[in-house]
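Here are some notes to read with the structure open beside you. Take the points in order, and find each residue as you go.

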Amino acid sequence: MLRRAAAVLGVPLLRATPGGPGRAGLSRGRPREEEDEEEEEEVMMEAEGGFPLYPGHIPTSPLQKALLAAGSALAALRDPYRHDMVAVLGETTGCLALPSLRDKMRHHPEGYRILQERPRIRLSTLDMERLRGLPDGTLGREYVRFLEDNKVSPDTRMPAKFVDDEELAYVIQRYREVHDLMHTLLGMPTNMLGEVVVKWFEAVQTGLPMCILGAAFGPVRLNARKLQVLATELVPWAIRSGRNASCILNVYYEQRWEQSVESLREEIGILPPPAVRV
Amino acid sequence: MAAAGLGPARPLLARRPGALRALLGLARGLAAGPQTHFGFQNVSEEERREKIYQVFENVAEKYDVMNDSMTLGIHRVWKDILVHKMNPSPGTLLVDVAGGTGDIAFRFINYVRSVRERQLQQKLKRHQNLSWQEISKSYEEEKVKPLGDSQVVVCDINKEMLKVGKQRAQHLGYSEGLSWVLGNAEELPFDDDKFDVYTIAFGIRNVTRIDLALQEAYRVLKPGGRFLCLEFSQVSNPLLSRLYDLYSFQVIPVLGEIIAGDWKSYQYLVESIRRFPPQEELKEMIEDAGFFKVDYQNLSSGIVAIHSGFKL
């Protein structure tokens with residue numbers, strides 16, 4: 001009973017019996033008994049606060065999530081190139097925004113299909129040659145151009161680890177993989193300024209606290225000239241576009257490579273980008 | 001496009017019914033040798049050795065940073081106490097097993113160096129009426145043999161850890177009296193009766209067959225040699241034990257993820273501490289290997305313990 005209470009509280013409860021941990025038999029390499037195995041699994045369940053729900057899932061207690069959120073926020077501030085920390089921050093703070101995103105997807109025919117089919121954007125699933133061969137101005141061609149110009153690859157996205165629902169883990173994974181397409185649709189490069197603009201757009205679109213924090217704190221590292229451009233032209237445009245556009249996760253991008261970027265922008269509701277050099 | 005998304009929601013580690021589990025356990029046991037533990041998981045001995053090798057390969061670069069963060073720097077005090085307890089004199093030959101990044105080796109060198117300096121100073125003080133030639137000869141002695149023939153051999157099974165250790169040594173300026181050997185604590189690449197002191201600091205927990213490591217320690221020590229083991233142990237105070245568990249399981253893996261980007265290795269670390277034999281049991285194992293006058297000293301209320309034994 002105490003164990004159940006502990007599991008509910010999300011705090012590990014280890015037995016303090018002398019015979020428990022550190023049996024001599026284990027250290028001496030004797031074969032284990034059945035009874036030991038049973039205890040093993042129980043202790044593991046208590047210690048981790050749950051079972052893994054998908055490959056790569058690390059179950060965490062509420063306290064651990066809070067510590068992770070705080071720590072990853074500090075680490076990402078100190079070193080913005082630590083994408084893994086940004087990812088962890090997104091996962092540990094997304095408990096309200098992710099379900100609402102998932103619901104938006106469920107209530108839209110294309111989004112619903114995405115949730116069913118679970119497409120992944122990876123180099124192994126993309127036909128790079130075909131995309132490169134598409135005419136200029138199409139989504140596929142511009143996406144490949146973006147990847148090559150900025151020397152990025154869709155395979156560097158961290159898999160979800162700390163989301164405690166398998167479907168929500170996919171939603172955040174989809175959000176990460178669609179991020180590069182956002183850059184393409186918004187016409188923003190991967191420098192600090194471009195990233196901040198995309199973050200503003202994503203913050204309005206998704207409501208993820210990680211995007212809001214990134215949008216708010218990203219600009220601290222920009223010089224005055226860039227800040228001015230950001231504040232006067234880019235951010236207002238990003239916010240207007242974000243509000244005007246339909247949910248970006250409800251677009252099945254993999255089936256629209258041939259569509260032109262302009263027509264896709266119109267369809268989604270992204271306003272034409274301002275004529276500034278980013 | 002391939003729709004290879006995350007699979008249907010199915011817990012990966014579901015509890016299987018007892019009979020099936022027993023059968024699987026038997027099959028696994030027959031296939032892969034004797035069973036042992038990796039943290040809280042059940043694995044074969046070979047699998048355990050591989051997994052531990054990978055853990056230390058992953059953490060090697062951030063090993064020292066993580067030690068400082070997890071123990072708030074207190075691990076330095078523990079290691080200082082170990083070397084003070086050892087009280088090596090110049091001329092001592094030390095083998096530091098699982099010595100990885102060199103913490104014990106560097107402390108040993110510092111200690112011996114300062115003892116040697118004091119020795120030479122005492123010698124000078126005693127002979128007040130030295131001629132100039134005799135004084136300059138003693139300075140020569142100090143320059144030529146700053147460690148007084150003491151030597152430390154750092155032995156570790158993991159190449160990455162040794163690499164980091166060598167880099168640190170170069171960075172900190174340690175070169176004399178220091179050698180680095182790749183070796184397995186269960187089967188040391190040294191002859192019998194070679195060393196004055198054998199230390200293993202925070203390493204024996206990761207050895208798969210502790211009894212073999214202890215036998216090897218006995219073998220390579222000279223008669224009169226000393227065995228010293230610094231390791232995490234069991235906390236007796238129940239309140240402290242609860243706090244320690246809370247800190248270990250809630251905070252340490254989080255630190256691992258934030259600082260080293262590696263949750264799983266630090267989850268393994270805290271689990272392996274819980275699986276390690278408590279003080280009395282380890283003492284008995286050391287006695288079984290043939291050591292005499294085996295004793296232990298608790299540090300920080302039993303979070304860490306130093307076990308000591310002599311080969312007579």
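Two residues are said to be in contact when heavy atoms of theirs lie within 4.5 Å. Please keep in mind that this is a predicted model.

1. **A residue to start from.** Which residues does Ile268(A) touch, leaving aside its neighbours within four places in sequence? They are Leu185(A), Asn244(A), Ala245(A), Ser246(A), Ile248(A), Val251(A) and Tyr253(A).

2. **The core around it.** Ile268(A) belongs to the largest nonpolar core, which has 36 residues. Together with Leu185(A) and Tyr253(A), Ile268(A) touches the most other members of that core. Six helices of chain A each supply at least two of the core's residues: helix 8 (128-133), helix 9 (139-150), helix 10 (166-186), helix 11 (192-206), helix 13 (224-244) and helix 14 (261-268). Apart from this core lies another, of 34 residues, and its members include Phe106(B), Val112(B), Leu178(B) and Ala201(B). As background, nonpolar side chains tend to be buried together in soluble globular proteins.

3. **An annotated group in chain A.** An unreviewed UniProt entry lists His179(A), Asp180(A), His183(A) and Glu195(A) under "binding site". These residues are spread over 17 residues of sequence, yet they cluster in space, with a largest C-alpha distance of 10.2 Å. Please treat the label with some care, as such annotations may be inferred rather than shown by experiment.

4. **Two of these residues up close.** Asp180(A) lies in helix 10 of chain A, and His183(A) is found in helix 10 of chain A as well. Are they buried or exposed? Asp180(A) counts as buried because its relative accessibility is 2%, and His183(A) counts as buried because its value is 1%. Beyond its sequence neighbours within four places, Asp180(A) is in contact with Tyr143(A), Phe146(A), Leu147(A), Ser153(A), Pro154(A) and Arg157(A).

5. **Chain B as a whole.** Chain B has 11 helices and nine strands. Of its 312 residues, 49% count as buried. Its accessible surface comes to about 14,900 Å², and 54% of that belongs to carbon and sulfur atoms. Among contacts in chain B between residues at least 6 apart in sequence, 74% join residues at least 24 apart.

6. **A buried lysine.** Have a look at Lys311(B), in the segment after strand 9 (304-310) of chain B. Lys311(B) counts as buried because its relative accessibility is 7%, and the cut-off is under 20%. What does its side chain reach at 2.8 Å? The backbone oxygen of Leu221(B). Leaving aside neighbours within four places in sequence, the contacts of Lys311(B) include Asp193(B), Tyr218(B), Pro223(B) and Phe291(B).

7. Most residues other than glycine have a negative phi. Arg118(A), however, has a positive phi near 55°, and Ser301(B) has one near 60°. Arg118(A) lies in the loop between helix 7 (109-117) and helix 8 of chain A, while Ser301(B) lies in the loop between strand 8 (292-299) and strand 9 of chain B. Arg118(A) counts as buried, at 10% relative accessibility, whereas Ser301(B) is partly exposed, at 45%.

8. **Cysteines without partners.** How many disulfides are there over all chains? With a limit of 2.5 Å between cysteine sulfur atoms, the count is zero. For Cys95(A), the nearest cysteine sulfur is that of Cys211(A), 14 Å away. Cys95(A) is exposed, with a relative accessible area of 58%, but Cys247(A) counts as buried, at 11%.

9. Ser241(B) is found in helix 9 (residues 238-260) of chain B. Ser241(B) is buried, with a relative accessible area of 16%. Ser241(B) and Pro277(B) are 36 residues apart in sequence, and their C-alpha atoms are 16 Å apart in space.

Note on methods:
Residues numbered from 1 in each chain as written. Chains lettered and ligands numbered in written order. Predicted model: local features only at pLDDT ≥ 70, side-chain atom pairs only at ≥ 80, totals over all residues. Heavy atoms only, no water. Core = buried A, V, L, I, M, F, W, Y, C linked by side-chain atoms within 4.5 Å. Buried < 20%, exposed > 50% of the residue type's maximum accessible area, 1.4 Å probe, protein only. Helix = DSSP H or I, 4+ residues; strand = E, 2+ residues; numbered from the N terminus. Areas by Shrake-Rupley, 256 points an atom, 1.4 Å probe, with all protein chains shown as cover. Polar contact = N/O pair within 3.5 Å; in protein donor to acceptor, adjacent residues only side chain to side chain.
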